[in-house]
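Thanks for making the time, everyone. I would like to walk you through one structure this morning, so please have a look at it first.

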Amino acid sequence: MMSDSLPNILLIMTDQQRFDSLGCYGADFAHTPRLDRLASEGVRFEHCYVNNPICTPSRASMMTGQTILGHGVHQLYGQLDDRFTLLPKHLKGLGYHTSLVGKLHVSDYKIEAAYRHPNDGFDDYLWCHDPTLGLDSPFNAYASWLSEKSPEHLEALKAKRWGAIPPADLHMTTWAAEATIELIRNRDQDKPFFIKMSVFDPHNPYHDCPPEYAVKVDMSRMPPRIGMGTDMSKQPGGIQQEHHDSYMKDYSNYSQQDIDDMRRGYHGSVSLIDEKVGDVLDELEKQGISDNTLVIFVSDHGDMLGDHQLLVKGAFFYDACTRVPLIMRWPKQIEAGKVHEGLVQNHDLAATILAAAGMSETAIDDAMPESINMLPSETGSDPVSIRSREIAVCHYLNTGISSTSPHEPKYFDPPIYASMIRDDRFKLNVYWNGADGIECQLFDMKQDVNELNDLSDDACVAGEKARLLEQLEAMVQGQTFAPQCR
C-alpha cells in the first residue's frame with residue numbers, strides 16, 4: 001500500500017485512569033473539554049475492561065494482543081519473554097515509522113532502564129517510566145530533556161524523588177506532549193506514523209499535580225465515595241488484605257481530608273493531560289493530517305480513590321479499578337458521536353490497530369488469536385457495527401505489592417489469586433485460594449452499577465453464578481493458582 005492509503009495512528013495512554021474521570025463519561029466535576037470533544041468526534045466505549053488491574057501485565061497484554069495467561073507476565077516486576085513481538089514491530093512490517101514517547105512497562109522498570117526488548121519495534125525510543133525512576137538510564141528521554149531545560153530540577157528529582165514537585169512546564173506530561181508534537185512535525189512524509197504517547201499520570205502520588213490544574217476540579221460536584229458502609233469483615237480475604245495492607249498501607253491511616261486531597265490531585269492531573277492532549281490534537285490539525293489519523297485514548301487500569309474502602313489498585317475487580325476510558329476518532333471511517341455499550345478489552349486494541357494499518361485478518365489471527373479487531377471488516381462501510389465480546393476476563397495472579405519495607409517491595413504472602421468474568425449483565429469475581437476454598441462476589445451490573453449488593457449466595461441467580469464459574473474454571477484449568485477447579 002502507498003503511505004497515503006494508510007492512516008497515521010496516535011495511541012495516547014494514561015496510567016491508572018478510571019473510566020469515570022472524564023466529562024464525557026458523566027464526571028461533571030472534571031475539567032476535560034478536549035477529551036470530551038475527542039469523544040464527540042469519534043466513538044466512546046462504555047465498557048472497556050483491562051486484562052489485569054496492575055500496570056505491567058495489563059500493558060503487556062495491550063502491546064502484544066495476548067491475554068495474561070498467554071504472555072505469562074503475571075506480576076508488577078515481571079518480564080515479558082523475548083520471544084513475544086510487540087505491536088510496533090508488526091507495524092514496521094506494514095511500512096510504519098514507529099515511536100515511543102514515555103512509559104512502556106511491559107516488564108519491570110529496572111529491566112527496561114537497562115535493556116530494550118528485542119522485539120519492541122520502535123524506531124524512536126523516547127522512554128521514561130515515571131518522572132523519578134531510571135533517570136540515569138541511557139533511554140530516559142525525559143531526563144535528557146530536563147538536563148537541557150532545567151538541570152536543577154533533574155538533580156532535585158534524583159535527590160528527592162516525589163519531594164521535588166515539578167511546575168507545569170517541567171512536568172512529564174508536558175514533555176510527552178512536546179516530544180510527540182516534534183515527532184509529528186518532523187515525520188517522514190513518505191511513511192505513515194505510529195506514535196505511542198504514554199504519560200505517568202494520574203497515577204499516585206497525587207500531590208505532584210500543578211496547583212493551577214488542581215483548582216480546575218469542581219470539588220463541590222465530586223460524588224461521595226462508594227461503599228463506605230460495607231462491612232469489610234464479610235469481604236473476600238483478598239480484599240481484606242488489600243484494605244489493611246495495600247502498598248499505600250492500611251486504609252484506616254487516611255482521613256476524609258486525605259482522600260479528598262488525593263481525589264483533587266488525581267483529577268487535576270487529568271485536567272493537565274486533557275490540555276496537553278489538546279495541544280497534540282491541534283498539531284494534527286495544523287499539519288493537515290487529522291482526517292487521516294486514527295487517534296486512540298485509553299488507560300491501563302483505574303484507581304479506587306477510596307471507593308469500597310480501598311486505595312489505588314490491587315486484588316479486586318470493581319469497575320473503578322478494571323474499567324477504563326477508551327475513545328477512538330478516525331474521521332470518515334468511524335461515525336462521530338457514537339457510544340458503544342458492548343464489552344471490549346484493552347488487548348483488543350492490538351488487533352484493531354493492525355487491522356486499521358492494513359494487516360490481513362488471517363495474519364492478525366496468526367499473530368494474536370485472542371485479540372479482536374473492534375472495527376468492521378470493511379472500515380467505513382457500516383460505521384455503527386463495532387465489534388464486541390460476549391465476556392470480559394481479568395486475572396490478578398499475586399500481581400501487586402503489599403506494604404513495603406524500607407528497602408524492598410513485597411508481594412502478598414500468602415499470595416492472592418483471583419479472576420473476574422463479566423458478561424452483558426453479571427460480573428463474577430472469584431478468589432481461588434480463600435481460607436475455605438474459593439470465595440466469590442456476584443454483581444448484577446444492570447441493577448447495581450456501584451457493585452454494592454453481592455448476590456453470590458442468592459439462590460435466585462445461582463444458575464448465573466454456576467454458568468460464569470464454569471466458563472472461568474475452563475479457562476484456568478490446570479493453572480497452579482486454581483487448584484480447586486474441577
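I will take the sheet, then the helices, and then a pocket.

Please keep in mind that this is a predicted model. The sheet is an open one of eight strands, in the order S4-S3-S5-S1-S6-S7-S2-S8, with mixed pairing. At its edges are S4, residues 124–127, and S8, each of which pairs on one side only, and the twist from one strand to the next averages 15°. Within the sheet, S2 (residues 43–49) and S7 (residues 323–329) run antiparallel and are joined by five bridges, with Cys-48 having Val-324 in S7 as its bridge partner.

Turning to the helices, H8 lies across S1, S3, S4 and S5, and runs at about 170° to S5, while H11 packs on the sheet, touching S1, S5, S6 and S7, with its direction making about 160° with that of S5.

How do the axes of H6 and H8 cross? They come within 10 Å and cross at roughly 95°, which means that H6 is roughly perpendicular to H8. The contact involves Ala-141, Tyr-142 and Trp-145 from H6, and Met-172, Trp-175 and Glu-178 from H8; by class, that is five nonpolar residues, no polar ones and one charged.

Finally, the second largest pocket has a volume of about 580 Å³, and of its 34 lining residues the closest to the centre are Phe-19, Asp-20, Arg-323, Val-449 and Asn-450. The elements that give two or more residues to this lining are H11, H12 and S8, and S8 gives the most, with three. By class, the lining has 15 nonpolar, six polar and 13 charged residues.

Conventions. Residues are numbered from 1 along each chain as its sequence is written. This is a predicted model: local features need pLDDT of at least 70, side-chain atom pairs count only at pLDDT 80 or more; totals for chains, interfaces and linings use all residues. Side-chain values use heavy atoms; hydrogens and water are left out. On a 1 Å grid over the protein atoms alone, a cavity is a set of points where a 1.4 Å probe fits but cannot get out, and a pocket is an open set with protein on both sides within 12 Å along at least five of seven lines; lining residues have an atom within 4 Å of a point. Grid points are joined across faces, edges and corners, and a volume is the space filled by probe spheres set on the points. Helices (H or I, at least four residues) and strands (E, at least two) are DSSP runs, numbered from the N terminus. Ala, Val, Leu, Ile, Met, Phe, Trp, Tyr, Cys and Pro count as nonpolar, Asp, Glu, Lys and Arg as charged, and the others, Gly among them, as polar. Axes are lines fitted to C-alpha atoms, for helices over the stretch in contact, and angles run from 0 to 180 degrees between N-to-C directions. Angles under 35 degrees count as roughly parallel, over 145 as roughly antiparallel, 65 to 115 as roughly perpendicular and the rest as oblique. Contact means heavy atoms within 4.5 Å. Two strands pair if DSSP finds at least two bridges between them.
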